[in-house]
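Please read the following account with the sequence and the model side by side. The text moves from the contact between chains to the elements within each chain.

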Amino acid sequence: MLKMYDVNKIYRTDLIETYALRQFSLEVTPGEFVAITGPSGSGKTTFLNVAGLLEEFDSGSYLLEGQDVRSLSDDARSRLRNERIGFIFQSFNLIPDLDIYDNVEVPLRYRRLSGADRRERIGSALELVGLASRARHMPSQLSGGQQQRVAIARAIAGDPAFLLADEPTGNLDSLMSRQVMDLLEQINEMGTTILLVTHDPELARRAQRNVHLVDGQISDFRAYEPHPSVAGDAGSVGAVRA
Amino acid sequence: MFGYYLRLALKSFGRNPGITALMVIAIALGIAVCVMTLTVYHAMSGNPIWWKNDRLYAVTMDNWDPNHPLIPSRPELPPPEMTYKDTQFLFASNIPERKVVMYSTEGVVSGVGTAPPAQIATRVTTADFFAMFEVPFLYGNGWTAGADRPPQPLIVLSRRENEKLFGGANSVGRTLRWNDHEFRIVGVLNDWFPRPRYYDLNGGNFQTPDDAYIPYAWGSDLQLLNKEENDCWRPEKLDNFRDFEASDCVWQQMWVELPDAASLVRFQSFMDGYWAEQRKAGRFERPKNNRLTNVSHWLRDNQVVDNDNRVLVGLAFAFLALCLINTVGLLLAKFLNGAAVTGIRRALGASRRQIFGQLLIEVGVVSVLGALLGLALAALGLLAVHHMYAAAHLGERGGSQELMHFDVVGVVWALILAVAATLAAGLYPAWRIGRLSPAVYLKSQ
């Protein structure tokens with residue numbers, strides 16, 4: 001479903017070249033929940049941007065649902081991003097002068113859905129994140145956790161195949177982090193593939209697989225048992241399976 | 001998507017009201033200056049009867065001093081007026097569809113109620129004047145050619161004079177005394193201010209039309225002199241009015257209306273034949289220069305629009321360009337300020353084209369606001385120019401209305417100019433922002 005082979009992403013200045021991704025290869029199968037971990041500067045966010053078609057890469061190949069994304073025009077890439085990919089950011093990235101409803105509506109507008117279709121999808125998404133009653137609130141009137149839930153609603157309103165989450169709990173306290181992770185797991189159970197970038201090993205353990213990056217390369221793969229919160233054992237931590 | 005983009009544009013203005021206001025003001029100032037300058041230029045240089053440009057011709061012949069042209073700096077031009085005897089001969093031709101010989105004089109009007117006698121500018125003209133120059137009538141009409149010679153005591157008044165003498169009532173059929181002769185009023189003109197006053201540029205290009213019109217032959221009968229230009233190039237014995245009529249002095253204007261190219265050629269040939277005959281008799285010693293000049297060329301030859309006006313128009317457009325360059329800078333600043341939101345939109349699936357379209361609509365809204373404000377400023381500016389012009393040049397006679405003539409076509413052009421210019425100015429910023437990598441700005445959020 002998502003296949004990257006030998007992808008290189010290089011940032012250049014007049015004096016130096018920095019490999020953000022080096023010979024990076026990864027396959028993600030439909031419905032997987034993959035955590036991407038690694039120290040700062042290891043290339044996690046770059047990987048997410050490349051995977052989300054927000055950045056070009058220099059060499060290698062990237063197939064998304066069988067399509068070679070390098071050959072696509074900007075229009076086609078944008079359409080693919082709009083219809084198949086949802087983003088969740090650490091700083092929420094809500095548009096400050098749009099209310100919650102209008103924020104969730106943004107990707108649906110670019111998909112040119114009818115008004116009725118948009119209303120239905122927005123209603124369902126806000127219902128799922130528990131914010132249907134706050135639809136006409138402005139982002140500044142919500143807590144951080146609520147804002148992140150709005151961002152999740154926006155990401156899933158278009159029913160994407162992939163959800164790319166970049167440190168989605170980075171600005172949240174532990175309680176809210178847990179709520180957001182519960183929500184992501186719930187979305188994953190509904191069939192959406194999730195790629196989660198995080199520093200937090202605890203959060204990474206809640207994924208089915210952990211891909212650890214160092215200097216733009218994968219240094220380690222780990223697959224986990226289902227998280228105890230999912231399995232019903234709240235007292236133990238998910239064990240390494242392989 | 002248009003409605004959506006429009007809504008986003010309005011929200012965006014709320015995000016940066018200061019920058020938005022600066023852009024609107026910059027565009028408005030540029031547009032206002034352009035519209036004002038163009039309107040004044042148009043009022044002062046336009047051909048007020050352009051639709052007759054291929055029919056209406058000023059008739060001139062060069063009878064001037066063989067050794068010195070009338071205007072040394074422009075020796076190619078014949079005198080703008082003609083001798084009495086030449087106009088009489090050419091007027092006899094049946095080739096023109098309409099023909100007018102005329103000049104302006106002064107008369108004293110009296111005999112109307114208790115109004116004191118007053119001097120008024122009076123045009124001595126042939127009957128075709130009103131039809132040829134498409135003069136509008138409020139009441140009645142002009143006179144027929146039969147009333148020209150022998151002259152009938154008929155008079156046409158301007159609307160302004162009719163208001164002064166009769167309080168604006170329909171005065172057709174009433175009588176008044178003009179230079180102590182009784183005249184019957186046959187027509188009252190409606191407002192008519194051809195600017196420039198192309199048919200007679202004597203006394204200034206933007207003089208208002210005369211207040212009274214009487215049949216041409218009264219000029220001879222009452223021995224009425226031209227109040228403006230009576231130019232003679234050689235000493236002649238001028239003991240009386242008949243001597244003046246027989247002289248080589250130029251003082252009468254002649255215009256003809258020729259419906260087609262064939263009649264133009266025929267009348268030119270008629271003039272040339274007359275010129276050759278007169279030359280044999282010892283007149284017209286300068287090279288042949290018999291001209292039929294249409295109104296546009298007439299205005300150009302008489303330098304109705306001087307270079308200063310053209311320079312002003314150029315400067316106005318340069319100012320607009322300067323305003324637009326500033327607007328480009330402000331747009332770039334505004335769009336860069338919103339680049340993070342643009343990055344979010346790109347991440348959520350907006351293509352470069354969609355971002356470009358959205359930003360251009362924002363630019364379009366700014367341009368429309370700027371244009372509307374610019375038009376309002378231009379209207380205020382023109383009102384000020386109108387008052388200054390009226391006070392400085394026209395005194396009581398009025399007639400700078402043309403400066404306030406804000407016609408629909410002009411407004412539409414101003415709007416098109418503003419929107420097109422601002423959209424052109426906005427192309428680069430909109431394109432530039434659309435090309436930015438969204439990831440860079442998402443990080444900066």
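The contact between the two chains draws 20 residues from chain B and 19 residues from chain A, where two residues count as being in contact if their C-beta atoms, placed from the backbone, lie within 7 Å. On the side of chain B that touches chain A, the elements that give two or more residues are helix 1 (2–15), helix 11 (339–347), helix 12 (352–394) and helix 14 (438–443) of chain B; helices here are DSSP runs of H or I with at least four residues, strands are runs of E with at least two, and both are numbered from the N terminus. The residues on that side of chain B divide into 9 nonpolar, 6 polar and 5 charged, with Ala, Val, Leu, Ile, Met, Phe, Trp, Tyr, Cys and Pro counted as nonpolar, Asp, Glu, Lys and Arg as charged, and the others, Gly among them, as polar.

This is a predicted model, in which local features need pLDDT of at least 70 and side-chain atom pairs count only at pLDDT 80 or more, while totals for chains, interfaces and linings use all residues. Residues are numbered from 1 along each chain as its sequence is written, and chains are lettered from A and ligands numbered from 1 in the order in which they are written.

Within chain B, strand 9 (residues 253–257) is largely enclosed by the rest of the structure, because 4 of its 5 residues are buried; a residue is buried if 20 or more other C-beta atoms lie within 10 Å of its own, exposed if 12 or fewer, and partly exposed in between, with C-beta atoms placed from the backbone. Strand 1 (residues 56–60) of chain B runs antiparallel to strand 9 of chain B and is joined to it by 3 bridges, and B:Ala58 has B:Trp255 of strand 9 as its bridge partner. Strand 2 (residues 98–110) of chain B also pairs with strand 9 of chain B in the antiparallel sense, over 5 bridges, and here B:Lys99 has B:Val256 as its bridge partner. Two strands are taken to pair if DSSP finds at least two bridges between them.

Chain A holds 8 helices and 10 strands, and buried residues make up 48% of its 242 residues. Of the contacts in chain A with a separation of 6 or more, 66% are between residues 24 or more positions apart. In chain A, 4 strands form an open sheet in the order 2-1-4-5, with antiparallel pairing. Strand 2 (17–28) and strand 5 (67–68) of chain A stand at the edges of this sheet with a single partner strand each, so one side of each is left without a neighbour in the sheet. Strand 1 (residues 2–12) and strand 4 (residues 59–64) of chain A run antiparallel and are joined by 5 bridges, with A:Asn8 standing opposite A:Ser59 in strand 4. Helix 1 (residues 44–51) of chain A lies across strand 1, strand 2 and strand 4 of chain A, and runs at about 60 degrees to strand 2 of chain A.

How do the helices of chain A pack? The axes of helix 3 (residues 100–110) and helix 5 (residues 144–157) of chain A come within 8 Å and cross at roughly 30 degrees, the axes being lines fitted to C-alpha atoms, for helices over the stretch in contact, and the angles running from 0 to 180 degrees between N-to-C directions. Helix 3 and helix 5 of chain A are therefore roughly parallel to each other, since angles under 35 degrees count as roughly parallel, over 145 as roughly antiparallel, 65 to 115 as roughly perpendicular and the rest as oblique. By class, the contact of helix 3 with helix 5 of chain A has 8 nonpolar, 1 polar and 1 charged residues. Helix 3 of chain A is mostly covered, with 11 of its 11 residues buried, and just after this helix A:Arg112 takes a positive phi of about 60 degrees.

Helix 4 (residues 115–128) of chain A packs against helix 5 of chain A at an angle of about 140 degrees, with their axes 9 Å apart, and the two helices are therefore oblique to each other. In this contact A:Arg121, A:Ile122, A:Ala125, A:Leu126 and A:Leu128 of helix 4 of chain A meet A:Ala153, A:Ile156 and A:Ala157 of helix 5 of chain A.
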